[in-house]
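Welcome! Have a look, then read on.

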Amino acid sequence: MSGEVQRHYDTHLAPIYVWMVGDVAAALQRSLDFFAAAGLKPGAGGVTVDLGCGFGLQAIPLAELGHEVVALDFSAELLAELRTRAGALPIRAIQDDLRNFPRHLTVPADVIVCMGDTLTHLPSLAAVNELLRLTAANLAPGGLLALTFRDHVGSELKGVQRFIPVRTDSDRILTCFLEYGDGVVDVHDLVHTRVPEGWRQSVSSYRKLRLEREGVAAELSLLGLQILRHDVEQGLVTLLARKSAA
Ligand SMILES: C[S@@+](CC[C@H](N)C(=O)[O-])C[C@H]1O[C@@H](n2cnc3c(N)ncnc32)[C@H](O)[C@@H]1O
């Protein structure tokens, strides 16, 4: 499934990702507000890890707040966009599978974030649990983990609701269609692009996990992390957890 996800981003989503977000400044501000409210403070000499960083919707605000960010993604195109936008901010943008993040650390992390529904892109529940185990093992004492992902279980869409108009302007239309399966959801992204002859349609699909938010929270507790925040708002789950200071 990982190869399928990377292909989907490389050939279909990465080239239109910034356009898809729309008001990028507003999205960056929302992240900044989230991190400030969550008290994700940088430690002296420590690092913050951004897993599945995309073009930097989390990495850039974190760096602006003073974090030294190690940002991983497998999309070369999104990482190039991140480097351009980051300028002189302290962000190390690395092209690698996010599950390899410990290889890129020389000290335990003060903060690890995996946000914007990236967690559901992993190939299996076992892979998610292994990533959670790695995050707990690589956090410094007192370190914080922030996860946000779509609740594709409690917030399952029905019938025509599954056709989601993501963004439209005069030259492009992005519609997402969801097909639910057992523990997974197939995501079909339809892009219509205006061309001289009319409209060109391109379609690409990938599979996401339907993660049980209670299950993810329980796994974090089993790993010894203390849950500080656990809520779901408009179908987006937020989990904030802390490793004990001892
Ligand atoms: C939905 S996007 C979220 C990006 C960013 N966090 C945001 O909120 O805009 C998911 C990102 O994770 C990346 N990704 C998914 N699975 C990955 C993996 N196994 N290793 C590295 N990157 C991955 C994709 O390339 C994409 O940039």
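Q: Which residues are closest to the ligand, and how many surround it?
A: The ligand is surrounded by 21 residues, and the closest are Gly52, Gly54, Leu98, Gly116 and His121. A residue counts as near when its C-beta atom, placed from the backbone, lies within 6 Å of the molecule. The elements giving two or more residues to this shell are α1 (2-13) and β2, and α1 gives the most, with three.

Q: What kind of model is this, and how are residues numbered?
A: This is a predicted model, in which local features need pLDDT of at least 70, side-chain atom pairs count only at pLDDT 80 or more, and totals for chains, interfaces and linings use all residues. Residues are numbered from 1 along each chain as its sequence is written.

Q: What makes a shell residue nonpolar, polar or charged?
A: Ala, Val, Leu, Ile, Met, Phe, Trp, Tyr, Cys and Pro count as nonpolar, Asp, Glu, Lys and Arg as charged, and the others, Gly among them, as polar. By that rule, the shell around the ligand holds nine nonpolar, eight polar and four charged residues.

Q: Why is strand β2 called largely enclosed?
A: A residue is buried if 20 or more other C-beta atoms lie within 10 Å of its own, exposed if 12 or fewer, and partly exposed in between, with C-beta atoms placed from the backbone. Five of the five residues of β2 (residues 69-73) are buried, so the rest of the structure largely encloses this strand. Both faces are covered, with Val69, Ala71 and Asp73 on one side and Val70 and Leu72 on the other.

Q: How do you know that β2 pairs with β1 and β3?
A: Strands are DSSP runs of E with at least two residues, helices are runs of H or I with at least four, and both are numbered from the N terminus. Two strands pair if DSSP finds at least two bridges between them. β1 (residues 47-51) and β2 have four bridges in the parallel sense, and five join β2 to β3 (residues 91-95), also in parallel. Val69 has Ile91 in β3 as its bridge partner.

Q: Why is the unit of β2, α5 and β3 called right-handed?
A: A crossover is right-handed if, with the strands pointing away from the viewer, the path from the first strand over the helix to the second runs clockwise. β2, helix α5 (residues 76-86) and β3 make such a right-handed β-α-β unit.
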